[in-house]
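Hi,

Here is the structure I said I'd pass on.

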Amino acid sequence: MQVMQFPLKILTVVGCRPPISWSSLYKRMVYNVYTILIFLPLFSFMLPQFMDIILNVDNADDFMDTFYVLVALLIACCKMFSLLLNRKNIEMLIEALLEKPFRPLEPDEIEIREKYNNIVWTNSVYYTIMVQMTCGCMNLTSLLTDFRRGNLAYREWIPYEWSDTMYYLTYFRQLIGLTVASIVNVACDILICGFLKHIYCQIEILECRLKKSLRDQGDLGECVRLHDHIYKYARSMNEKFRFTIVVQFTASMLVVCSNLYRLAQSSLSAKYIPLMSYTICMCIQILIYCWHGNEVKLKSIQLSDEIFGMDWVTANKKARKDLILIMNRSLIPIEFSSAHIVTMNLDSFVKLLKMSYSIYNILKQTREE
């Protein structure tokens with residue numbers, strides 16, 4: 001049974017996971033060239049924006065005009081590097097879900113896995129559509145306004161002589177770079193959230209196995225091992241993507257803050273809609289991390305209550321000891337943290353929004369003074 005099919009397809013599209021059938025050296029070299037071609041428009045858009053802040057920006061408004069897109073590009077670059085560095089680790093995490101003890105054995109377990117596979121597929125498709133619609137809205141608005149006036153879509157430092165040909169190349173390079181950045185963000189986001197959803201799935205499979213073992217008076221040793229493997233799997237995943245989570249939390253706070261500032265300074269116009277869409281999209285981006293992390297945490301804690309509600313009274317002494325062992329372990333929740341500073345839960349999401357709004361108020365007061 002395959003898992004994470006849609007997220008893995010998007011990973012292949014952004015150049016971070018070669019197709020399994022491309023095993024020959026020649027095909028791997030072709031795919032590596034493709035990866036470079038994907039990264040070039042992203043980097044060639046990020047660098048001129050970074051140089052614009054260093055060389056050209058001299059006031060808060062110009063800084064915010066460049067900064068809100070630059071942060072999205074920096075996130076995309078960091079995520080792409082993370083995905084490339086974790087190629088083997090991603091394959092290891094995927095293969096672990098297909099092997100014992102995570103592999104579903106009975107029809108009811110297969111049904112649970114299939115249900116969460118469908119949830120991951122549906123959520124990934126909806127999230128991809130949302131992000132690409134936001135990116136498309138930003139590009140279309142720019143085409144209808146900036147392009148018709150002969151302006152660039154976004155500020156950047158231009159080190160070459162200006163002409164009509166170079167204007168077209170620069171303008172469409174910006175649109176392509178933004179589109180690539182959005183797809184890279186999608187690839188990383190749906191991959192991490194997919195892994196979180198499968199951890200949730202494994203806890204539900206564990207509950208199913210516990211109920212069957214108690215009903216059949218079977219050995220609970222495999223259940224204890226599965227519970228231990230779930231914790232190790234979650235710890236391993238957190239270690240592999242900790243840097244990505246740190247970058248996402250920090251960048252989301254900065255983007256929401258800068259977008260609130262730009263929304264407050266701009267009047268109702270054609271550019272107001274894509275800016276609002278972009279702000280909402282960034283909020284949803286960090287929300288899905290916190291939501292899935294919060295769901296896994298609650299599910300891991302609730303396992304103890306689920307066991308207490310099972311028919312453990314008729315179990316033998318060894319089985320009851322195993323149940324107590326699992327219950328004691330479940331008192332420590334499965335939590336995903338960013339550098340042990342911010343945990344991925346709904347409380348962190350609320351704190352992030354409050355902090356963003358506080359920084360926005362400081363910027364607003366500074367500007368008024």
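Let's start in helix α10, where lysine 318 and aspartate 322 sit 4 residues apart, about one turn of the helix. Helices here are DSSP runs (H or I, at least four residues), strands are runs of E (at least two), and both are numbered from the N terminus. The two side chains meet in a salt bridge at 3.3 Å, N to O; that term means a side-chain nitrogen of Lys or Arg within 4 Å of a carboxyl oxygen of Asp or Glu.

A word on the source: this is a predicted model, where local features need pLDDT of at least 70 and side-chain atom pairs count only at pLDDT 80 or more, while totals for chains, interfaces and linings use all residues. Residues are numbered from 1 along each chain as its sequence is written, and side-chain values use heavy atoms, leaving out hydrogens and water.

The count comes to 15 salt bridges. One of them joins aspartate 189 and lysine 79 at 2.6 Å, N to O. Aspartate 189 is in helix α7 (residues 164-215) and lysine 79 in helix α3 (residues 60-85), so the pair ties together parts 110 residues apart in sequence. Aspartate 189 counts as buried because its relative accessibility is 0%, and lysine 79 is buried too, at 1%. Buried means under 20% relative accessible area, exposed over 50%, and partly exposed in between (1.4 Å probe, protein chains only).

Glutamate 335 pairs with lysine 297, their closest N and O atoms being 3.0 Å apart. Glutamate 335 is partly exposed at 37%, and lysine 297 is partly exposed at 21%.

Cheers
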